[in-house]
Amino acid sequence: MNNSATTRTISKIALEYNGNDKGTAEMVASNCLLSSTAEGQFMEMKTVADRNLKVKKWALTGYISQPDEIGRKLTDEEFTEIANKALEKIGVTENNQFRLDIHNSTKQKHIHFIVNRIDISGKCTVKSHDVGRRFGEAVREVCKEKGLLTDVEIGIQKKAEMLRNLKETLKSAKNFDELIFKMKERGFEIQLSKNVKDGVSGMRIVMEKDKNPNTDRIYKAGYKLSEITSKLKIADIKAVLNENKEKKLDDETVFSENFNQENNGNIQKINSVISEVGKAIEQFLQPTYTSNSDDELLKKKRRKSR
């Protein structure tokens with residue numbers, strides 16, 4: 001499952017966002033919070049956070065997103081349980097304030113959380129060091145416990161599919177424009193990075209079905225070429241495209257030469273036929289003469305017929 005976690009200072013706006021999501025948000029869990037409004041809950045959290053003034057970024061915020069590849073749709077209860085267990089693994093206790101909201105406005109259902117790192121006694125229970133990595137590992141552990149594919153396992157499958165389609169497309173593409181077009185037909189978007197020195201210097205491949213403008217600022221979909229494979233570089237792709245282009249030019253040259261040879265042969269045959277026909281016509285049009293003896297016989301026959 002895609003996930004993210006970071007420590008920061010928040011305002012009531014963060015709680016308002018969590019509880020809205022274009023009117024589709026549903027609060028599925030909360031802890032140590034009495035108020036039902038975003039402003040009220042923020043004031044409660046801030047009051048507890050002020051019990052430990054050494055911690056400036058007192059809030060932990062993030063999300064877990066459910067991809068289609070896990071094999072089945074999770075119920076809201078299962079989704080909430082995964083989030084709770086993952087948060088517990090990084091230090092969230094029953095004495096920490098938090099709120100969990102499921103969002104449904106995007107293609108993939110996801111759950112957002114806001115946690116007060118300071119518990120009600122003033123102790124910071126969630127360490128900030130490598131919190132994003134540690135939370136990701138916690139989510140994967142919970143997924144494995146439940147027999148669900150992890151984000152790493154899903155990523156391996158996607159990378160293999162991307163590489164297979166890229167190799168197939170490179171068999172015929174002659175330039176980057178063709179490569180982009182042919183990959184798009186297969187359901188992938190090619191994003192190229194360029195610089196003045198090398199021209200095209202990098203590539204990112206994204207599955208069209210994974211594109212989500214609502215979360216693009218949080219994490220970029222897809223993978224860099226270097227993340228997909230270490231055996232195929234941009235320089236290799238340029239060489240293959242150039243080779244395909246030269247092969248096409250060679251094929252066109254051979255075809256043109258064969259066509260010209262065949263065409264010349266046909267022209268010669270046609271000219272020969274025309275020449276023979278011309279001779280026959282000339283012979284046919286030549287006048288025919290009869291001898292004097294033949295002419296006298298014709299005159300006698302005419303007199304007798306009278």
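Buried, as used here, means under 20% relative accessible area, exposed means over 50%, and partly exposed falls in between (1.4 Å probe, protein chains only). A search through the whole structure turns up zero disulfides (pairs of cysteine sulfur atoms within 2.5 Å).

A word on where the values come from. The model is a predicted one, so local features need pLDDT of at least 70 and side-chain atom pairs count only at pLDDT 80 or more, whereas totals for chains, interfaces and linings use all residues. Residues are numbered from 1 along each chain as its sequence is written, and side-chain values use heavy atoms, with hydrogens and water left out.

Next come the strands and helices, which are DSSP runs numbered from the N terminus (helices are H or I with at least four residues, strands are E with at least two). Strands count as paired if DSSP finds at least two bridges between them. Three strands make up an open sheet in the order E6-E7-E8, and the pairing is antiparallel. Strand E6 (188-195) and E8 sit at the edges with a single partner strand each, so one side of each has no neighbour in the sheet. E6 and E7 run antiparallel and are joined by eight bridges. Along this pair, Phe 188 stands opposite Met 207 in E7.

Helix H5 packs on the sheet and touches E6, E7 and E8, where touching means heavy atoms within 4.5 Å. The direction of H5 makes about 125° with that of E7; such angles run from 0 to 180 degrees between N-to-C directions, with axes fitted as lines to C-alpha atoms, for helices over the stretch in contact. Helix H6, for its part, lies across E6 and E7 and runs at about 155° to E6.

Leaving aside neighbours within four places in sequence, Thr 169 is in contact with Leu 179, Lys 182, Met 183 and Arg 186. With Arg 186 there is also a side-chain to side-chain polar contact at 3.4 Å. A polar contact is a pair of N or O atoms within 3.5 Å; within protein, one must be able to donate a hydrogen and the other to accept it, and residues adjacent in sequence count only if both atoms are side-chain atoms.

Then there are the charged pairs. Side chains of opposite charge can pair when their charged atoms come close. The structure holds 15 salt bridges (a side-chain nitrogen of Lys or Arg within 4 Å of a carboxyl oxygen of Asp or Glu). One of them joins Asp 210 to Lys 158, with the closest N and O atoms 2.6 Å apart. Asp 210 lies in the loop between strand E7 (199-207) and strand E8 (223-224) and Lys 158 in helix H5 (residues 151-169), so this pair ties together parts 52 residues apart in sequence. Asp 210 is buried at 13%, and Lys 158 is buried at 11%.

Another salt bridge links Lys 184 and Glu 208, the closest N and O atoms being 3.1 Å apart. Lys 184 is in helix H6 (residues 176-185) and Glu 208 in the loop between E7 and E8, so parts 24 residues apart in sequence are tied together. Glu 208 is partly exposed, at 24%. Arg 133 and Asp 130 form a salt bridge too, at 3.3 Å between the closest N and O atoms. Arg 133 is partly exposed at 43%, and Asp 130 is partly exposed at 36%. Finally, Glu 81, Lys 85 and Lys 146 are linked in a network of salt bridges.
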